[in-house]
Amino acid sequence: MWQPPERIKHELPLATWPTAQQAAGAQIFEPLEIGPRTACTRTWVPAMVPWRATEDGFVTPDVIDWYRRFAQGRPGVLVVEATAIRDIPSGPLLRIGHDRFVDGLRQLAHAVHDASNGETLVFIQLIDFLSIRRRPPRDKFFARFLEVTDRHREALRLLGDDPGIRLLGDDELRARLAALPEADIPYVLSAREIEDLERGYRERVTDTHLPHIRDLPQTLPPLFAAAATRAVAAGFDGVELHFAHAYTMASFLSALNTRDDGYGGAREHRIRLPREVIAAVRAQMGRTGVLGCRYLGDDVIEGGNHVEDAAWFGVELARTGLDFLSISKGGKFEDARQPKVGWSAYPYTGRSGYECMPTIYSDARGPFARNASIAGTIRGAVRGAGFETPVVAAGGICEFEQAEGILARGEADFIASARQSLADPDWFLKIRQGRGSEIRRCEFTNYCEALDQQHKQVTCKLWDREALDAPDVTLTNDGKRRLVAPPWRR
Ligand SMILES: Cc1cc2nc3c(=O)[nH]c(=O)nc-3n(C[C@H](O)[C@H](O)[C@H](O)COP(=O)(O)O)c2cc1C
Ligand code: SF4
């Protein structure tokens, strides 16, 4: 993963944990209305993909165990991982694109309600993403993937001053292209073709020459609406539309979206599809469940959105009647590291990925609560426009006073903690009970994220080798790590 060049190693923030009595008066443990429900506290576990679904996207017992463990810590809200809305294969990512997935999801929602004694609201994150291929070996790219055209023929002719090239058949042309020295490639391939060769082919929302990309504004609203309806039928308290990171909806919002069909260009046009998705979901779901979205407070890429755009979007998204706005940052393909041959580009490997999940090796500002001020700017704009929509902040939040400060300064209404909750799923509960000194504190070195990148079952280095032979402990596929955090022995 990219790291700030300063590479300053930060210590964990000093923690002074409250007594149970002090915690009882703390803002973070106050209830808060969120759409048609009330969260019992302002604590939130945001979406984290743990790679435990079946290859066909079904809920497994390991998926249920994973969420049950978080629910035992009784966060106000627990968001289930990015779940695919289409009925197409997408590897071991959860799916909700057909009614056959509902039974498993029902068991999952039930397990969360049961383990939290009804205290935790469970939402599911709904995602759409475009196609991405692995980086091809050079010979395969020229032999099979590149669509050869007269443009290539002409470029080769100019390069070699060889008029005979015009008469070459496609196979011979491919062979000549494959034999070109590296330095000549930019004269023959387009920038996009070079990217396909060096990083693997990746669709963009601006590829409107492809019918299925052109038609996204027609296909996506009903897909999101049907998925949300299934979520409510499965017993979820709400849905979070995934409008963040490297995926389809965030790409529509991004300033890099130059579509000329009324869904790209100016901000007013870029938000058109998100608005239509929200309207379609609301029309089907009504007020039976909470409906919110996660989107980016800053794309952190050249030419992408900045916080001013995000503040404007926040107001417009609040105007649609969304019940919450969860703010994330970065996590884009555009600055991702070049993958090895045979691997796909991964959107959390560049600077924007760092800003999404900052580590202790940082710049002077450090990783802790790094993105709260962005959430604060968005919340300020939303409140300024007269909307009370709750705003959720995430990014390096791991300590009580830090969380209280964010709430007191009005930067957010909910405190989301992904990695600290993974390190210790009971951490919010421990603070509430005056037992903060027992918290297993996240070290923010991203061992979990490295597993996620390789699509390996995600665990935390602080507990995954503990008591492997204890009864009822389930292990990773290689038998080397436990899959959920050990129980809290009080
Ligand atoms: C293993 C892992 C998986 C994640 N999966 C998702 C996801 O499915 N959807 C999402 O919006 N964010 C995802 N995230 C990002 C987190 O929700 C969160 O925004 C990020 O880790 C920063 O918060 P933190 O500092 O509290 O960890 C993931 C993070 C991790 C570490
Ligand atoms: S693996 Fe590291 S970064 Fe991830 S939750 Fe555990 S301590 Fe935190």
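In the predicted model, helix α4 contributes Arg138, Asp139, Phe142 and Ala143 to a contact with helix α6, where the partners are Arg174, Leu177 and Ala178. Sorted by class, the residues of this contact of α4 with α6 comprise 4 nonpolar and 3 charged, with no polar residues. Helix α4 spans residues 138-145 and helix α6 spans residues 170-178; their axes come within 9 Å and cross at roughly 155 degrees. An angle over 145 degrees counts as roughly antiparallel, and α4 is therefore roughly antiparallel to α6. The crossing of α4 past α6 is right-handed.

The protein is divided into two parts, with domain 1 covering 8-130 + 217-453 and domain 2 covering 138-199. Between the C-alpha centres of domain 1 and domain 2 the distance is 43 Å.

A further helix pair is formed by α10 (residues 216-233) and α13 (residues 272-285), whose axes come within 8 Å and cross at roughly 35 degrees. Helix α10 passes α13 in a right-handed crossing. On the α10 side, the contact is made by Pro217, Leu220, Pro221, Pro222, Phe224, Ala225, Ala228, Thr229 and Val232. These residues meet Leu273, Glu276, Val277, Ala280, Val281, Ala283, Gln284 and Met285 of α13. The contact of α10 with α13 is made up of 14 nonpolar residues, 2 polar residues and 1 charged residue.

Helices α14 (residues 307-319) and α16 (residues 372-384) form another pair, with axes that come within 8 Å and cross at roughly 45 degrees. Angles under 35 degrees count as roughly parallel and those from 65 to 115 degrees as roughly perpendicular; α14 and α16 are therefore oblique to each other. The crossing of α14 past α16 is right-handed. From α14, the residues in contact are Val307, Ala310, Ala311, Gly314, Val315 and Ala318, and they meet Ile374, Thr377, Ile378, Ala381 and Val382 in α16. In the contact of α14 with α16, 9 residues are nonpolar, 2 are polar and none is charged.

Two ligands were examined in terms of the residues around them. Ligand 1 is surrounded by 24 residues, of which Pro46, Ala47, Ala82, Ala418 and Arg419 are the closest. Strand β5 (77-84) and helices α18 (419-423) and α20 (447-453) each supply at least two residues of the shell around ligand 1. Helix α20 provides the largest share of the shell around ligand 1, with 3 residues. The class composition of the shell around ligand 1 is 13 nonpolar, 6 polar and 5 charged residues.

Around ligand 2 there are 13 residues, and the closest are Arg419, Cys442, Tyr447, Cys448 and Cys460. Two or more residues of the shell around ligand 2 come from each of the elements α18 and α20. The largest share of the shell around ligand 2 is that of α18, which gives 3 residues. The shell around ligand 2 consists of 8 nonpolar, 2 polar and 3 charged residues.

Conventions:
Residues are numbered from 1 along each chain as its sequence is written. Chains are lettered from A and ligands numbered from 1 in the order in which they are written. This is a predicted model: local features need pLDDT of at least 70, side-chain atom pairs count only at pLDDT 80 or more; totals for chains, interfaces and linings use all residues. Axes are lines fitted to C-alpha atoms, for helices over the stretch in contact, and angles run from 0 to 180 degrees between N-to-C directions. Helices (H or I, at least four residues) and strands (E, at least two) are DSSP runs, numbered from the N terminus. A crossing is left-handed if the near helix is turned anticlockwise from the far one by less than a right angle, and right-handed if clockwise. Two residues are in contact if their C-beta atoms, placed from the backbone, lie within 7 Å. Ala, Val, Leu, Ile, Met, Phe, Trp, Tyr, Cys and Pro count as nonpolar, Asp, Glu, Lys and Arg as charged, and the others, Gly among them, as polar. A residue is near a molecule or strand if its C-beta atom, placed from the backbone, lies within 6 Å of it. Domain bounds come from an automatic or database domain assignment.
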